[in-house]
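Student: I would like to go through this model one question at a time. Please give the cut-offs as the terms come up.

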Amino acid sequence: MMFVQAFLVGGVLCALFQIALMTTKLGVPKLLICGLALGGIGTAVGFCDWLSAVGGAGFSVMVVGAAQAIFNSLTALFAGVWLPACVVVAIFAVLTVFGLAAGAAYRALHRDAKASAPGAARGE
């Protein structure tokens with residue numbers, strides 16, 4: 001039953017974000033920031049804690065679940081506990097490095113493909 005709940009919670013959240021992406025003029029980065037903001041607000045009022053208890057990993061892997069982790073680590077930081085905030089910052093730093101490396105690799109791999117494409121020499 002735990003897997004079904006995780007699938008349902010994660011699927012509903014994915015569907016809601018996909019509907020928002022398709023019906024609004026928000027780009028992906030702005031929609032992710034909105035998801036982080038909603039996760040912070042939802043954690044503050046206790047809604048995300050309930051979703052996390054019901055959906056488990058189906059909720060935790062979503063951007064809203066990331067906001068819950070950020071919110072909880074910041075409240076721990078304000079209480080004087082540094083470790084959760086340091087872990088979150090380290091995770092984001094590692095993910096940023098991976099993202100930059102993947103972007104650089106993608107650009108390097110596809111730069112040659114664009115140069116050899118038909119019409120590239122004529123500037124089309």
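Student: How are H1 and H3 oriented to each other?

Tutor: This is a predicted model, in which local features need pLDDT of at least 70 and side-chain atom pairs count only at pLDDT 80 or more, while totals for chains, interfaces and linings use all residues. Residues are numbered from 1 along each chain as its sequence is written, and side-chain values use heavy atoms, with hydrogens and water left out. The axes of H1 and H3 (lines fitted to C-alpha atoms, for helices over the stretch in contact, with angles from 0 to 180 degrees between N-to-C directions) come within 8 Å and cross at roughly 135 degrees. Angles under 35 degrees count as roughly parallel, over 145 as roughly antiparallel, 65 to 115 as roughly perpendicular and the rest as oblique, so H1 and H3 are oblique.

Student: Which residues of H3 make the contact with H1?

Tutor: Contact means heavy atoms within 4.5 Å. On the H1 side, the residues are Gln5, Ala6 and Val9. By class, the contact of H1 with H3 has 4 nonpolar, 2 polar and no charged residues (Ala, Val, Leu, Ile, Met, Phe, Trp, Tyr, Cys and Pro count as nonpolar, Asp, Glu, Lys and Arg as charged, and the others, Gly among them, as polar). The H3 side consists of Leu51, Val54 and Gly55.

Student: How many helices does the protein chain have?

Tutor: Helices (H or I, at least four residues) and strands (E, at least two) are DSSP runs, numbered from the N terminus. Along the sequence the pattern is α-α-α-α-α-α. The protein chain has 0 strands, and its helices number 6.

Student: Is Thr43 buried or exposed?

Tutor: Thr43 lies in helix H2 (residues 28–45). Buried means under 20% relative accessible area, exposed over 50%, and partly exposed in between, with a 1.4 Å probe and protein chains only. At 5% relative accessibility, Thr43 is therefore buried.

Student: Which residues does Ser73 contact, leaving aside neighbours within four places in sequence?

Tutor: Ser73 is in helix H5 (residues 63–78). At 5% relative accessibility, Ser73 counts as buried. Its contacts beyond those neighbours are Pro84, Ala85 and Val88.

Student: What does Ala20 count as by relative accessibility?

Tutor: Ala20 sits in helix H1. Its C-alpha atom is separated by 8.0 Å from that of Leu31, 11 residues apart along the chain. At 21% relative accessibility, Ala20 counts as partly exposed.

Student: Which element has the lowest mean pLDDT?

Tutor: pLDDT is the predictor's confidence in each residue, from 0 to 100. The chain mean is 87, and 90% of residues reach 70 or more. Among the elements, H1 has the highest mean (92), and the lowest (84) belongs to helix H4.
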